[in-house]
Number of protein chains: 2
Amino acid sequence: MMSLADVAAALGLSKSTISRVIAGKGNFSEQTRNRVLEYIAHYDYRPNVNAQRLATNKTGNIGVVMPVDAFLSVNTFFQVCLMGICQEAVEHNYDIVVTSATEKDITYLRRLVSQRSVDGVILMRSLVQDMCMNYLSETAVPFVVIGSVPDEAVMQVDVAHAKACEELTARLLETTGKPVGVILGSMHYIVNLNRRKGCKEAARKAGADLTGKVISDVFTKESVDGAVDRLLAQSAGTLVCGDDQIGLTVLGYLDERGILAGKDIRLASFYDNPALKHRSVTAIEVDDMALGALAVEKLVGRLDGKYVSDRKPGYLINYRASTGEFGGA
Amino acid sequence: MMSLADVAAALGLSKSTISRVIAGKGNFSEQTRNRVLEYIAHYDYRPNVNAQRLATNKTGNIGVVMPVDAFLSVNTFFQVCLMGICQEAVEHNYDIVVTSATEKDITYLRRLVSQRSVDGVILMRSLVQDMCMNYLSETAVPFVVIGSVPDEAVMQVDVAHAKACEELTARLLETTGKPVGVILGSMHYIVNLNRRKGCKEAARKAGADLTGKVISDVFTKESVDGAVDRLLAQSAGTLVCGDDQIGLTVLGYLDERGILAGKDIRLASFYDNPALKHRSVTAIEVDDMALGALAVEKLVGRLDGKYVSDRKPGYLINYRASTGEFGGA
DNA sequence: GTGAAAGCGCTAACAG
DNA sequence: CTGTTAGCGCTTTCAC
């Protein structure tokens, strides 16, 4: 395996010169530059990353934490987001090291950090009580969280969930006479807190009363079914689901009961999903990959001391047949 | 940040001695061992991984390739498998570096490998024409693929898909008088080839004729619906789906058409999924995490030159209401 | 049982 | 513009 020294020797130059032109910093003549570049291209020389890292005291790695307790056999958000992260990381010459954590067990993350395996970390979800966040803050490891956290000091990127949910709920409220019911996921998740906030705000502005019609902390099939039953008992004409998982479960339950979404009842979801789309369910669409990419951009900006834009990822509300033509004002 | 030298100085020993007791190889007295271990535990000394890696010429990283063209917004197999990989990797003191690739673009993988960022690679799917596999073979990078490939020289772990599918199909065949239709995914995937093989074998043994009733290469909603239509037109009494994605899509389509699975028609899937379970669909269950873990075990065995067991991950066939009581012989 | 010393392959002053 | 010289923090012979 070729080393810097080999290249230097072959070209009759010093290691430092080679190093400089490869790094593209420092001084060297146009001519040497060409010679070196040509040589390494020809012989396909690749610097030894570990040596670079040891010398610079940087790992070139970004850690990504997968929440392994987040119904990974159903939710695809994390993996899609991860793909966005990978892609953007390559642009900036970082590798992605993944590890897992649960709400109450962050030993793998601790290991990763204390081994100095990463320069920074990306958290793909944010909890109200977030051990990962606390740990990283304490240890002063640069990190960005995907989600919205109250502490403005922590770097974060997020879709304006509250606003999106408010917008959708408002529209739903103004196009129906019958009650609107909302089924939300775990309140340990900040995002669900924000979704609820959005709903309530829309209700407030519309002067609608959602009391008893916003059911939170449902994630099992049983609790979803139960929530639907309760809402139906209150003669809800519209069912709004906190995320795609809930949406799909509701859809399945309605199918079981022979209730047709878009005809017998209106259905919407705060998070889109191909399966929801196939069934023509109105839903808020987020670009998960872009979100991941943005997180990397932000983290790398911090790590490499570059300017970081503060743009927010957008969202799209796809109005589909499930909230279609009927139930109008 | 503490270094080996610091520990050595503090204890009045040499770096080599400390290094030895930490690595647990070489000679040292029981007493020094205790002193050192105690000290590093107390001061929470952590070796610098990059230095270790440079010195030993190993990265301590395992690369994992996520097939980004594999409908990641629907399939959860890869992320669940990845979690199994992560977990097992920790046991063996490896970190997981993920990258993505598509059927025809493996530039990220190339980058990872040529940067010497990983000691070995895990491929989570196997294609008939697999660029990743070809590349890794050429470059002599140790790798294991999750799936079954003809070349026995490549390390692989897989569930006995063909056998499982044969078993399920056989059972379905013997409990019905009406035709059985099968809808399979992309034939670029080796696993789908094996599933088809299993079906056909079952049909052969049962003396059943599946001609025109095994439809392959379907993955879009449109093609799934079309396949169902065709099979229904042949008065199929049982629909077998190649994977969960197809299964769910079929279920959705049946719902749309008001056909009740388990009553009007029998439905089964070659791959299980929580949503399928909720709808009581008969399906083959595989432990994805275990599969990932096994891959790591195998790769690490090769990397660290240890013995590797050759056990195969098992599967479970969950017979549920969707193929229930009716249509019997 | 322990230590000295050379090196892993690169970067980064500093000196010319 | 280029070369020299120290390291980075660890592992690993080889003496003692």
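**View 1. The surface near DNA strand C splits into 13 nonpolar, 13 polar and two charged residues.** Here Ala, Val, Leu, Ile, Met, Phe, Trp, Tyr, Cys and Pro count as nonpolar, Asp, Glu, Lys and Arg as charged, and the others, Gly among them, as polar. This is a predicted model, where local features need pLDDT of at least 70, side-chain atom pairs count only at pLDDT 80 or more, and totals for chains, interfaces and linings use all residues. Residues are numbered from 1 along each chain as its sequence is written, with chains lettered from A and ligands numbered from 1 in the order in which they are written.

**View 2. Around DNA strand D sit 29 residues, with A:Ser16, B:Ser3, B:Leu4, B:Ser16 and B:Ala51 coming nearest.** The biggest contributor is α2(B), with six residues. Helices are DSSP runs (H or I, at least four residues), numbered from the N terminus.

**View 3. α1(A) packs against α2(A) at about 110°, with the axes 8 Å apart.** That makes the two helices roughly perpendicular (65 to 115 degrees), using axes fitted to C-alpha atoms over the stretch in contact and angles from 0 to 180 degrees between N-to-C directions. A:Leu4, A:Ala5, A:Val7 and A:Ala8 of α1(A) meet A:Lys15, A:Ile18 and A:Ser19 of α2(A), contact being C-beta atoms, placed from the backbone, within 7 Å.

How values were computed. Angles under 35 degrees count as roughly parallel, over 145 as roughly antiparallel, 65 to 115 as roughly perpendicular and the rest as oblique. Two residues are in contact if their C-beta atoms, placed from the backbone, lie within 7 Å. A residue is near a molecule or strand if its C-beta atom, placed from the backbone, lies within 6 Å of it.
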